[in-house]
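The following report describes selected features of one protein chain.

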Amino acid sequence: MTEREQELERQVMMLESQLSETQTQLSQVRLQLAEGQDAYSELKSQHDQLLERIALLTARRFCPSSETAGQLNLFDEAEVGVPTKEEIEEEKQQEQKSGEKRVRKHTILSVPANTPTVVRFHALSDDNKDCRRCGTTLKVTGTKTINRLVRIPSQLVVVQDVYEQGACPSCEADENNLVTEPSTALLPSAMADSSLVASVASRKFCDHLPLYRQSEMFGREGLALSRQTLSSWVVEAGKALEPLGERLKKAVLSCPMVNMDETYVQVLNEPERDATDKSFMVVQVGTDKERKAVLFSYRARRNIEVLSGLLDGYRGILQTDGLKQYLSIGNGKGITHILCWAHARRRFAEIVKSNPKAQKAKKVVTLIGNLYHADNQIRERWLAGELDDDAFVQQRIAASEKPLAELRDFVGKMTSVIPPKSELGKALDYLNTYWQGLMRYRCHALATLDNGTAENAIRPFAVGRGNWLFANTVNGVKASALLFSLVESAKANGLNPEDYLYLVMEGAPMCTTDEDWDKLLPWNISMDEVKPLRDFLLGAKPDPQRTEPYLLRGKSI
């Protein structure tokens with residue numbers, strides 16, 4: 001081989017070596033590029049998820065929620081029903097076109113026939129005694145009566161309870177030998193009658209008026225009642241009515257259907273806990289065909305042991321949201337656990353709220369809405385008595401097949417293509433995870449698609465919490481739980497809460513057995529008894545011989 005050929009061969013080998021190195025480098029570059037693309041895709045996915053999360057949190061903070069939708073701003077409330085300038089102008093144009101003046105509809109208010117009435121007579125004034133055309137003196141031809149409502153500030157009434165005393169004529173008469181008829185008051189050592197305690201409790205637990213505001217209201221009416229005094233009445237009333245709370249608990253757990261929910265409450269002075277620790281108020285609503293029993297229970301925690309303890313001995317249907325602590329309760333322990341479609345829907349609805357262009361989430365909301373529509377149509381017939389329980393369940397199952405199949409098919413297709421860490425992916429995962437629990441409602445007539453029964457019962461507590469923010473003591477929050485239970489149970493059974501509390505507080509001192517307490521439950525009590533009690537108080541008149549003020553004394557906690 002010539003020298004020239006050898007040189008060429010060396011160059012070829014060198015080029016082949018360089019080519020091999022270049023190919024290796026190229027492979028490394030391609031690998032880095034692929035890794036870079038994967039990293040870019042991951043970063044872009046995280047970026048999109050963060051944007052989606054920001055939009056969702058913004059919507060939750062600033063957009064009206066379903067619980068506040070329709071509620072009015074405090075400063076706008078006075079203008080409800082007042083026509084706007086544009087509406088007035090439009091009405092004038094319509095009147096000009098038709099030639100007829102529009103007559104506004106009047107609101108009709110009905111008041112009882114036995115409402116106290118007073119007459120004010122308005123004679124023709126001197127300015128209106130003469131005819132405006134010719135000046136002739138007018139002749140009175142009749143009268144025109146207009147009824148108007150008047151509010152008289154609350155009236156203070158002192159009830160003097162006179163207890164007869166007896167002494168043995170054969171023994172030496174002294175103070176230790178006197179026998180006095182025992183007090184029949186709920187709070188014997190308080191200066192307040194049951195009617196006043198019931199009014200304070202109703203204002204706090206039904207109208208959400210904290211005690212310090214009530215103290216100010218009483219002050220404007222000339223009654224100096226401190227917040228501490230009002231608080232002592234509420235707490236002592238709660239303690240006195242504890243046996244009724246036990247009977248209410250038994251009634252709840254005897255119902256075939258129980259709905260449960262919980263919300264936080266802060267107790268400042270709780271042993272072995274910081275003032276900032278959040279405790280919980282748990283609500284249980286027992287339902288059967290004739291009644292509803294609402295029970296609030298205070299608990300420092302909401303772990304599995306606590307929640308299952310509230311259902312100790314219960315056998316029936318339990319409906320809750322998807323809180324994990326509930327998931328181990330039931331299904332094999334005599335309890336059928338049903339989950340809440342509203343919570344499943346809410347996740348998709350929040351996505352739509354934050355991004356109106358989210359068509360996939362909007363589609364799921366629509367499909368779940370179809371499920372509600374199909375159920376409501378059959379439920380109306382069942383409530384009207386057109387269907388018995390078995391027929392209702394059978395028709396409900398049949399009517400839900402198509403919307404459930406459409407929903408299941410659509411969700412299945414989306415699950416394979418939607419990133420699991422995205423908000424839509426999380427919503428889909430919730431739906432897939434709890435699908436069986438969501439389906440169980442169909443087989444039980446008393447069950448509904450969602451846990452709205454419990455949420456509606458606990459909402460007044462959440463609203464009231466916004467006014468008083470926290471409880472001071474464990475005794476106070478337990479008393480609140482019991483009185484909330486009585487108020488909400490009364491409302492659920494169509495009773496006036498204040499009248500119901502009044503009758504309960506009047507009847508409680510005479511209760512000696514469980515049967516006596518059962519007679520005070522909302523579905524057993526006779527509300528006709530409240531009128532004689534009210535009439536007795538309305539018959540109060542001042543003592544014309546008395547010149548000194550009444551001095552009432554009562555102990556506080």
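Strands S4 and S5 form a hairpin, with four residues between them. Helices (H or I, at least four residues) and strands (E, at least two) are DSSP runs, numbered from the N terminus. The model is predicted: local features need pLDDT of at least 70 and side-chain atom pairs count only at pLDDT 80 or more, while totals for chains, interfaces and linings use all residues. Residues are numbered from 1 along each chain as its sequence is written, and side-chain values use heavy atoms, with hydrogens and water left out.

S4 spans residues 278-287 and pairs with S5 in the antiparallel sense over eight bridges; two strands pair if DSSP finds at least two bridges between them. One of the bridges links Thr-287 to Lys-292 in S5. Strand S5 covers residues 292-299, and six of its eight residues are buried, so this strand is largely enclosed by the rest of the structure. Buried here means under 20% relative accessible area, exposed over 50%, and partly exposed in between (1.4 Å probe, protein chains only).

Glu-270 lies in the loop between strand S3 (257-269) and S4. Because its relative accessible area is 12%, Glu-270 is buried. Ser-279 belongs to strand S4 and is likewise buried, at 0% relative accessible area. The side chains of these two residues take part in the polar contacts tabulated below. A polar contact is a pair of N or O atoms within 3.5 Å; within protein, one must be able to donate a hydrogen and the other to accept it, and residues adjacent in sequence count only if both atoms are side-chain atoms.

| Side chain | Partner side chain | Distance |
|---|---|---|
| Glu-270 | Ser-279 | 3.3 Å |
| Glu-270 | Tyr-298 | 2.5 Å |
| Ser-279 | Arg-273 | 2.6 Å |
| Ser-279 | Tyr-298 | 3.1 Å |

With neighbours within four places in sequence left aside, Glu-270 is in contact with Ser-279, Tyr-298, Ala-300 and Val-474, where contact means heavy atoms within 4.5 Å.

**A helix pair.** Helix H10 (residues 359-383) packs against helix H11 (residues 389-415) at an angle of about 175°, with the axes 9 Å apart. Axes are lines fitted to C-alpha atoms, for helices over the stretch in contact, and angles run from 0 to 180 degrees between N-to-C directions. H10 and H11 are therefore roughly antiparallel, a class that takes angles over 145 degrees. By class, the contact of H10 with H11 has 14 nonpolar, three polar and eight charged residues. Ala, Val, Leu, Ile, Met, Phe, Trp, Tyr, Cys and Pro count as nonpolar, Asp, Glu, Lys and Arg as charged, and the others, Gly among them, as polar.

**Ser-215.** This serine is part of helix H4 (residues 211-220) and counts as buried, at 17% relative accessibility. The side chain of Ser-215 reaches the backbone oxygen of Leu-225 at 2.6 Å. Apart from neighbours within four places in sequence, Ser-215 is in contact with Leu-225, Ser-226, Arg-227 and Leu-230. Thr-229 is 14 residues away along the chain, and its C-alpha atom is separated from that of Ser-215 by 9.1 Å.

**The whole chain.** The protein chain has 18 helices and eight strands. Of its 557 residues, 34% count as buried. Among contacts between residues at least 6 apart in sequence, 64% join residues at least 24 apart.

Key: Angles under 35 degrees count as roughly parallel, over 145 as roughly antiparallel, 65 to 115 as roughly perpendicular and the rest as oblique.
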